[in-house]
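Subject: Structure handover

Hello,

Here is the structure you were waiting for. My notes follow below it.

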Amino acid sequence: MAIENLVLATTDFEKRGGLRHIGLCATSNLTPTFTAAGTADTHAVALVDSADLALFDLKQGTGSLTTSGSKENGVMMFEHTLSFYIPNCSNAHFGNLQKLLQEQIAAVVVDHNDQAFCIGMSAAFQHTTGSGSFNNQMYATMTGLEGGTGAALGDENGVTVTITCSSGELPRTVSGSVTVDLAAGTMALS
């Protein structure tokens with residue numbers, strides 16, 4: 001199937017890269033409703049949270065979401081990698097990161113163009129049916145943590161967190177509203 005008439009607006013060439021906000025939670029805290037195939041927005045997901053997501057507000061240039069895919073035996077699989085830097089680590093930072101070590105994570109990321117994406121929730125290869133069903137084996141996990149205090153006065157102290165997820169599809173766009181509360185350190189979805 002060929003892609004035809006892919007129209008690009010001039011403003012598409014001026015989009016900025018990088019992530020502005022990351023919201024993390026256990027997959028059990030989210031209820032997804034995947035957009036049905038054949039609709040105008042076929043690759044979106046509406047998410048409702050049972051509790052606010054933990055917010056990581058990022059400095060520009062310190063967070064990224066990358067996706068790579070490969071096809072084997074007729075099945076296309078994707079590996080999503082979310083990487084971000086947390087400066088000035090404190091007891092609260094380390095406590096939140098410690099909670100994520102063994103968690104099945106879903107992540108909602110917001111880029112500098114105000115587009116929200118979700119990883120850790122996949123409609124591909126579902127085992128159950130219904131609009132709220134998702135493949136609960138394709139969650140994200142924290143796979144790397146690297147940091148330190150630095151050696152010189154000019155060095156930053158902090159950690160780089162890496163979260164990865166295998167999925168049967170590209171990251172879905174979040175079709176609902178994403179509300180960031182910087183004072184409370186939370187992200188709400190509706």
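C165 is buried, with a relative accessible area of 2%. Buried here means under 20% relative accessible area, exposed means over 50%, and partly exposed lies in between (1.4 Å probe, protein chains only). C165 takes part in no disulfide. The nearest cysteine sulfur belongs to C118, 8.6 Å away. A disulfide is counted when a pair of cysteine sulfur atoms lies within 2.5 Å.

Before you read on: this is a predicted model, in which local features need pLDDT of at least 70 and side-chain atom pairs count only at pLDDT 80 or more, while totals for chains, interfaces and linings use all residues. Residues are numbered from 1 along each chain as its sequence is written, and side-chain values use heavy atoms, with hydrogens and water left out.

**Cysteines**

How many disulfides does a search of the whole structure find? The search finds 0. C25 is in no disulfide either. Its nearest cysteine sulfur is that of C118, at 8.3 Å. C25 counts as buried, at 5% relative accessibility.

**Cavity**

There is 1 cavity of 30 Å³ or more. A cavity is a set of points on a 1 Å grid, over the protein atoms alone, where a 1.4 Å probe fits but cannot get out; lining residues have an atom within 4 Å of a point. Grid points are joined across faces, edges and corners, and the volume is the space filled by probe spheres set on the points. The largest cavity has a volume of about 50 Å³. Its lining has 13 residues. Closest to the centre are H80, C118, I119, M121 and S167. Two elements give two or more residues to this lining: β8 (116-119) and β10 (158-167). Strands are DSSP runs (E, at least two residues), numbered from the N terminus. By class, the lining has 7 nonpolar, 4 polar and 2 charged residues. Ala, Val, Leu, Ile, Met, Phe, Trp, Tyr, Cys and Pro count as nonpolar, Asp, Glu, Lys and Arg as charged, and the others, Gly among them, as polar.

**Salt bridges**

The count is 2. The rule asks for a side-chain nitrogen of Lys or Arg within 4 Å of a carboxyl oxygen of Asp or Glu.

R20 is partly exposed, at 27%. D114 is exposed, with 58% relative accessibility.

The other joins E169 and R172, at 2.9 Å from N to O. E169 is buried, with a relative accessible area of 9%. R172 is buried too, at 7%.

**Strand pairing**

Two strands pair if DSSP finds at least two bridges between them. Strand β3 (residues 44-49) pairs with β2 (residues 30-34) in the antiparallel sense, over 5 bridges. In that pairing T31 stands opposite V48. Strand β3 also runs parallel to β11 (residues 172-174), joined by 2 bridges. There V45 stands opposite V174.

**One glycine**

Is G120 buried or exposed? G120 is buried, with a relative accessible area of 3%. G120 sits in the loop between β8 and β9 (140-148). Its C-alpha atom is 9.0 Å from that of Q137, 17 residues apart along the chain.

Best wishes

How values were computed:
1 Å grid on protein atoms, 1.4 Å probe; cavity = no way out; pocket = protein on both sides within 12 Å on 5 of 7 lines; lining within 4 Å. Helix = DSSP H or I, 4+ residues; strand = E, 2+ residues; numbered from the N terminus.
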